[in-house]
Amino acid sequence: MEIILNTLISLSILGVVCAVILYVVAQKFKVVEDPRIDESQACLPGANCGGCGYPGCRGFAEACVKADSLDGLFCPAGGNEVMKKVAEVLGMAAVEKDPQIAVVRCNGSHEKRRKTTNYQGPTSCAVSHSLYGGDTDCPYGCLGLGDCVKACTFDAIIIDEESGLPIVDEEKCTSCGACVKACPKAIIEIRDKGKKSRRIYVSCINNDKGAEAKRACDVACIGCGKCAKVCAYDAITIENFLAYIDYEKCKLCRKCVAECPTGSILELNFPPRKETVAQKEAEINEVEK
Amino acid sequence: MLKTFPKGGVHPKENKFSAGKPIEKLELPKQVSIPVSQHLGAPAEPVVAKGDVVKAGQLIAKSTGFVSANIHSSVSGKVAKIDKVLDTTGYKQTCIVIDVEGDEWVDTIDKSVEIKNNTDISADEIRTKVSACGIVGLGGATFPTHVKLSVPAGKTCKYLIINAVECEPYLTSDHQLMMEKGEEILIGSKLIQKAIGAEKVFIGIENNKPDAISHMTELSKKFENIEVNALKVKYPQGGEKQLIKSITKREVPSGGLPIDVGCVVQNVGTAFAVYEAIIKNKPLFERVVTVTGKSVQKPSNILARIGTPIHMLIEAAGGLPEDTGKIVNGGPMMGKAVSSVTVPVTKGTSGILIFPESLADRAETFTCIRCGRCTTVCPMGLEPFQLKNMTAAKMYEELQKERALDCMECGSCVYTCPAGVPLLDYIRLGKANLNKILRAKKS
Amino acid sequence: MAINRLTVSMSPHDHGKDSVKKIMYGVVIAMIPALLVSIYYFGFDAKGESFIAIASCVFFEWAIQKFILKGKTTVVDGSAIVTGMLLAFNVPSNLPWWIIIIGSLVAVGIAKMTFGGLGNNPFNPALVGRVFMLISFPVEMTSWPKVSVLNFALTDAQTGATPLAIIKEGVKNGESLSSIMDSLPTSYVDMFLGNMGGSLGEISALALLIGGIFMLSRKIITWHIPVSILGTVAIFTGILYGIDPSKYASPLFHLLTGGLLLGAIFMATDMVTSPMSKMGMLIFGVGIGAITVLIRVWGVYPEGVSFAILIMNAFVPLINKGFKPGRFGEKIKKQ
């Protein structure tokens with residue numbers, strides 16, 4: 001009985017002494033910080049992806065509190081919702097940006113861009129890129145070894161087994177830009193997600209002359225310029241045998257997609273086109289042949 | 001006791017199938033593609049345009065700085081285009097493509113085979129001529145020779161070492177060059193010695209070439225201050241720093257150059273090219289290339305013009321074997337695998353190796369078992385397994401501290417690794433990224 | 001010119017003959033003399049133990065890799081077989097089969113797979129298994145069968161103690177060393193050949209040395225670790241023997257008994273858990289030798305090699321950091 005009592009008393013005293021020491025130390029060495037940093041950090045998604053350009057969500061919160069206005073400060077992972085909350089906490093005007101997404105500008109799947117050599121080495125795009133142009137005849141095309149997948153902290157990009165190309169998950173991608181930095185060939189670009197998630201882009205970055213590009217890949221951009229001619233909004237420029245669509249000017253009319261002879265311009269999330277009578281007839285003729 | 005370097009090294013099988021085969025002149029190709037960047041340093045700038053008629057030995061691209069080199073046409077004919085062509089780098093590079101017509105050489109070139117000498121020429125004149133003739137290191141590194149011949153102020157050069165080691169398996173071009181053009185090489189070496197003001201010339205030859213050792217020793221008696229040294233057969237005996245350590249016992253400091261210990265190293269092929277430049281006014285536009293491999297019908301040493309597509313050399317060696325798996329430009333330890341047989345011969349092409357499918361595959365990769373063999377064989381005293389882990393984790397500061405930049409990429413670590421870990425792939429990547437970071441910091 | 005697709009990879013394009021499989025199977029071959037001796041002296045029990053140990057190690061590695069990690073199974077590289085054999089060598093031949101299966105599970109599952117599999121474990125798996133079994137089942141792990149040549153009877157043999165255990169008991173009871181040594185059932189020759197009590201693999205110095213020389217000739221191990229361990233033990237016990245031969249056993253006795261040779265040749269030289277540089281290996285060996293003698297002479301356990309090796313395994317990262325190979329061109333002062 002005595003033992004139990006002694007134990008209880010001595011342990012309690014020890015506990016109280018430790019608690020007092022901890023409290024005193026915590027008070028004495030307290031770091032005084034603006035409480036708004038904690039409040040704004042609480043609004044942030046907490047992914048620490050670095051997409052904002054600051055070291056983690058805490059860094060971004062500190063930058064917001066220090067800044068006079070929220071211009072130039074944007075959390076791509078959180079988007080407009082999160083920026084509105086931060087603006088409320090800090091009493092500043094909210095910043096709004098069109099939602100963006102990572103876009104893979106290569107459509108050269110295994111089927112369309114045939115392999116001409118056999119690469120043996122670590123499964124790393126950076127290593128393969130430093131060795132040679134890749135195991136196909138297009139030195140600009142996607143290597144399919146997944147450095148972008150390794151870089152993504154949101155699980156938003158995977159390499160499709162069949163085509164060998166990366167596929168971006170629309171729901172998960174926060175346009176933080178990690179995959180863009182990881183790709184040694186600069187194939188991935190951050191573009192506007194577009195109204196109703198619809199976007200049109202040239203899925204190729206090949207600068208070789210048309211004939212060479214086509215020989216290497218069936219869906220390469222040959223720089224013929226037909227798309228630029230048919231665009232009514234001046235959104236397409238041709239440079240070094242490659243077309244580029246400016247997403248800010250593009251009005252999603254899809255005329256360039258129909259015009260492109262190689263099919264290198266892609267349209268995403270559009271409803272299927274209504275077939276014209278002429279097209280239907282052509283189809284029937286094909287079947288009859 | 002044969003001289004050698006004390007640390008590290010491996011003993012790959014020699015496979016010198018083409019040893020003793022006399023140098024054959026290759027027939028002229030129909031078209032050559034001469035890259036404007038065949039050397040370390042800034043690429044040369046073309047001085048000809050489409051449609052121009054050129055002669056062999058004519059300047060077609062000018063050096064664009066101190067560390068750069070001139071490029072000369074290797075054939076006579078018409079410039080077809082200046083365009084991006086796939087070359088040995090694995091990418092398309094700017095090349096001057098010439099349609100060959102006849103074989104006219106520039107008048108100033110002395111085409112005779114008579115061995116001549118010129119002891120009156122001054123050191124400055126030697127340097128100017130070497131630079132004008134576009135001479136670069138023919139050992140594979142292709143460093144512009146005139147830069148090496150310009151000893152910086154405040155440093156003196158005591159020894160000139162001629163690298164006739166040819167430690168890479170399969171390659172025999174240097175060996176054959178010594179047997180056929182030994183005296184010319186010695187004259188070239190004396191000219192280099194004059195340009196750098198060295199006291200003595202050493203010629204390092206690996207012990208697996210006894211005929212070359214005795215031949216060069218015999219010839220060297222005609223000259224003063226030339227000593228032939230037989231060296232132990234060990235890879236990488238031909239590495240610059242290892243060679244200097246073996247012959248002179250001096251160690252080049254980490255991050256330093258051979259001139260810091262009073263030495264200059266030149267490849268034996270470069271010495272021959274210097275002879276041709278100074279004595280025969282001939283710029284560098286052809287070189288000896290070893291074409292060999294286990295299933296090659298006729299392993300040979302071929303004198304080819306720069307810009308010749310390699311399939312012509314392979315044809316001359318008996319054609320591409322049926323079971324070809326890999327074609328390497330250079331030696332098996334440090335050479336680069338090519339993706340097509342249309343790539344051209346460049347100043348750095350010391351050999352074309354053809355591996356059958358059975359030897360083309362890499363060793364299967366297991367996890368590192370921490371056996372430490374890579375550390376034991378590294379001639380620079382580095383820890384390759386550590387450098388690989390640091391590169392994978394992107395720890396560039398630590399890479400610098402561990403002296404990753406000292407790595408000469410000889411491949412001894414990968415050669416011995418029982419687990420087949422691709423150490424060198426990562427170390428190269430780490431070095432490249434580290435260099436990028438350091439350059440960005442400087443600017 | 002029609003050719004197959006060329007293979008493109010980074011240099012070097014040549015490879016030496018070494019492979020993980022060759023190393024592992026080389027170690028297995030080196031252990032065969034000791035295995036044969038153990039069967040000779042302990043009969044079928046020895047074969048049974050070894051078989052159960054190897055089979056369970058391989059099974060656990062395969063099962064963990066397939067069902068828990070859901071990755072590639074790498075049992076073919078032979079490392080599980082080596083772990084199994086070493087585990088068997090460390091136990092008495094009359095150990096109940098279910099104890100050795102638990103030992104295998106600890107060795108492969110805890111000491112190896114939880115750290116990431118081959119190459120990532122800081123402690124020698126076989127030793128972790130052995131120490132676990134020793135601490136959990138002390139009675140079964142310390143009653144050794146009396147040696148009887150070619151005993152193929154399946155009945156239990158008589159049990160006896162190892163020479164080291166006898167010495168420990170005797171010194172504790174205050175007997176003088178010389179009287180203990182006289183009462184030992186084994187002579188030095190017996191100890192060298194293997195006619196003494198002990199675990200499966202540790203009895204025959206001759207068989208172990210043959211295995212060691214085989215591995216040296218195949219360049220699977222280097223001389224640094226075994227020589228530094230044995231040298232340190234010899235010198236340390238030699239000094240003690242010189243001070244008072246009536247209290248301390250001779251160096252030769254220490255070298256031939258217990259698991260010292262087994263530990264020095266097979267366990268401490270395990271590549272994954274030993275230092276990378278030669279200087280580091282020597283320091284490692286000296287540490288093991290010193291701790292072994294400390295435990296043997298002044299510790300509670302009669303045998304200390306397993307503990308010594310595990311303790312020094314913990315120091316290996318520090319040793320690796322402190323003893324790096326000399327870099328080329330480091331001495332800039334001299335010109």
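**Helix packing, sheet order and contacts in the predicted model**

In chain B, helix H1 (residues 123–132) packs against helix H3 (residues 173–196) at an angle of about 115 degrees, and their axes are 8 Å apart. Axes are lines fitted to C-alpha atoms, for helices over the stretch in contact; angles run from 0 to 180 degrees between N-to-C directions. Helices (H or I, at least four residues) and strands (E, at least two) are DSSP runs, numbered from the N terminus. The model is predicted: local features need pLDDT of at least 70, side-chain atom pairs count only at pLDDT 80 or more, and totals for chains, interfaces and linings use all residues. Residues are numbered from 1 along each chain as its sequence is written, while chains are lettered from A and ligands numbered from 1 in the order in which they are written.

H1(B) passes H3(B) in a left-handed crossing. A crossing is left-handed if the near helix is turned anticlockwise from the far one by less than a right angle, and right-handed if clockwise. From H1(B), B:Ala123, B:Ile126 and B:Arg127 meet B:Leu191, B:Lys194 and B:Ala195 of H3(B). Two residues are in contact if their C-beta atoms, placed from the backbone, lie within 7 Å. By class, the contact of H1(B) with H3(B) has four nonpolar, no polar and two charged residues. Nonpolar covers Ala, Val, Leu, Ile, Met, Phe, Trp, Tyr, Cys and Pro; charged covers Asp, Glu, Lys and Arg; the others, Gly among them, are polar.

Chain B also holds an open sheet of four strands, in the order S2-S8-S7-S4, with antiparallel pairing. S2 and strand S4 (53–54) of chain B stand at the edges, each with a single partner strand, so one side of each is left without a neighbour in the sheet. Two strands pair if DSSP finds at least two bridges between them. S2(B) and strand S8 (residues 92–100) of chain B pair over five bridges in the antiparallel sense. Here B:Val32 stands opposite B:Ile98 in S8(B). B:Val53 stands opposite B:Lys78 in S7(B). Strand S2 (residues 31–35) of chain B is mostly covered, with four of its five residues buried. A residue is buried if 20 or more other C-beta atoms lie within 10 Å of its own, exposed if 12 or fewer, and partly exposed in between, with C-beta atoms placed from the backbone.

Between chains, 54 residues of chain B are in contact with 36 residues of chain C. On the chain B side, strand S15 (324–329), strand S16 (336–337), helix H12 (412–416) and helix H13 (423–442) give two or more residues each. S15(B) provides the largest share, five residues. This side of chain B divides into 29 nonpolar, 13 polar and twelve charged residues.

Chain C is assigned domain 1 (20–141) and domain 2 (166–322). Domain bounds come from an automatic or database domain assignment. The C-alpha centres of the two domains of chain C lie 21 Å apart. Their contact takes 31 residues from domain 1 and 29 residues from domain 2. On the domain 1 side, H1(C) gives the largest share, twelve residues. That side comprises 22 nonpolar, seven polar and two charged residues.

Chain A is divided into domain 1 (35–90) and domain 2 (100–268). Their centres, taken over C-alpha atoms, are separated by 31 Å. Domain 1 of chain A contributes six residues to the contact and domain 2 contributes eight.
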